[in-house]
Amino acid sequence: MLITPEHQALQDKYQQLLFRSMQFDAIIKQKDEVIQQLKNEITPLKNAVEQLIAEVKLQREENASLLKIIKEKDKRLQKLELIEYQYQQLTKLVYSRSSERSSAIIPGQLQLDINADVVDVCNINDGQKIESYTKLKSEKKKHPGRNEIPAHIERKYIDMHPENLPDDAEHFDTIETEQLEYDPARLFATVYRRYKYKRSTPNGSTEFFIASLPEEKDKSLAAPSLKAHVTTEKFLWHMPIHRQMQKFAQSGIILSENTIGDWINGSCRSLTAIYDALRENIVKPACGYMMADETRIDVLDSEKVKGKKSHLGWMWSYCNPIDRLVIFEYHKGRGNKDARPVLQNYRGYLHSDGFSVYKHFGSQPGVTHVCCNAHARRKFHEAKLTDKNRAEHALMLYSKLYGIESYCKEQNLSFDQRLKIRREKSVPIFEELADWVKEQIPRLTTLRSPIGKALAYFSEREKQLGMFLHDGMLLMDTNLIENAIRPIALGRNNFLFAGSHDAAQNAAIIYSLLATCKLHDVNAYDWLKYVLTAMPTFPASRIKELLPQNWKGSTIEP
């Protein structure tokens, strides 16, 4: 048979397809073997995966348990640190001085050039002592000698001549040696002796004549001088009524607690008009600058039926720093509604601590909130017990700022001059302090530690704390009003509580006027004695003349 080229090509192609078919059969056979082999390996692999999953789950449980233990350990460590910090604070409260004054002496900061250059940033972890806190020994000052007895003090002279003096001796000089004496306060009675007269009239009747009592005299047993004494003894010198009763008893005068209490409450009520006039000068200050603070006071509450019979009230204090005026207001609470009577319509600078009530009223239109740097500094001072290096660095910068303020005060600079000094010297230091605070916060593991709280407090109120740098009228802190509040704390330790809510408001009245007397160097007793004497006949239109800042001794005539 003749094979043509076409048949040959077809046969070759057939052979190729047959060969490829055989290859595919071999591959399929091999694939089936691999699949079977893989099927055989699936079960062991599945078991291994399940085992790994179980091991991973177990490891996760162990890690979670360890993490929980670590967190619990961290909490306990923080609690122990807090307990140690509180213990150190209590120990300091009992045995150490309460002053926060820094012992650092920064050379030159009170000189005319005020050497308050920006300090280099210290390495917190180097553990080196800050040189700015090295106390320098000052030259020992020569004692000026004994103070002379003031000229207004009454003198009683005792003449002494030498014994056995010759007849021809001539006197040429006198040496005087003074010694201060003391006579205890004495009680005396003023007796108004009103003589009665009579005469017979032509119609046979009898006409009687008797002098009238002075208009300012009331029916009380106590004269204004005694009322002024018991009032200042309690609210100025913090002597409880029962101790005053004991002192009176030593002089043979037996008085009840209610009697003295009535004298004091009556005196406070007599001062209400003067208090209202003083309040007006603070609520609407012409300078547009007010400080605010509050302190607690325990008040007996007869309306309580169960539990503790006293109520925790609050003395709210407001101060006009420019005119040096202070008022107190008593309220039962410590919320926005209690500060609203004074702060609701106030416009100007409001200087306070970081309490939320002041923050609320400080955000009102027309009000600029200013925060107290003494509160911020105090938190760094407290943090020295747990983080000395960081705390001392902040305190060193604050010492420079306060040194500049002391210089301005000593030089009696005007507001504009003070502002110029602050811009040149204080602004760089405050900016460095603010930058340092921002740098330190991320490095802390928690902000619950004392140093964390100090840094967070400053960071949250940086703008308000630095407000004093932009107006020379503003003070750096609210120490002025805190000093005015201090007598309340001293009194709280002595007579513990006010007898009623009305008595607490009476205390607010007298505390306001006595604090203003102190700020104006007015003798509180002399002022109160005069006012209690003059008030019954004093014209209401001239009541502002009796304010402590306007009082000129006994020169005011009704």
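Buried means under 20% relative accessible area, exposed over 50%, and partly exposed in between, with a 1.4 Å probe and protein chains only. The model is predicted, so local features need pLDDT of at least 70 and side-chain atom pairs count only at pLDDT 80 or more, while totals for chains, interfaces and linings use all residues. Residues are numbered from 1 along each chain as its sequence is written, and side-chain values use heavy atoms, with hydrogens and water left out.

**Exercise 1.** Characterise the surroundings of N506.

Solution. Step 1: N506 lies in helix α14 (residues 501–519); helices (H or I, at least four residues) and strands (E, at least two) are DSSP runs, numbered from the N terminus. Step 2: the relative accessible area of N506 is 11%, and therefore N506 is buried. Step 3: leaving aside residues up to four places away in sequence, N506 touches N265, C268 and R269, where contact means heavy atoms within 4.5 Å. Step 4: the side chains of N506 and N265 are joined by a polar contact of 3.4 Å. A polar contact is a pair of N or O atoms within 3.5 Å; within protein, one must be able to donate a hydrogen and the other to accept it, and residues adjacent in sequence count only if both atoms are side-chain atoms.

**Exercise 2.** Describe how β6 and β7 are arranged.

Solution. Step 1: strand β6 (residues 348–352) runs parallel to β7, and five bridges join them; two strands pair if DSSP finds at least two bridges between them. Step 2: Y349 stands opposite T368 in β7. Step 3: β6, helix α7 (residues 356–362) and β7 form a right-handed β-α-β unit. A crossover is right-handed if, with the strands pointing away from the viewer, the path from the first strand over the helix to the second runs clockwise. Step 4: in β7 (residues 367–371), four of the five residues are buried.
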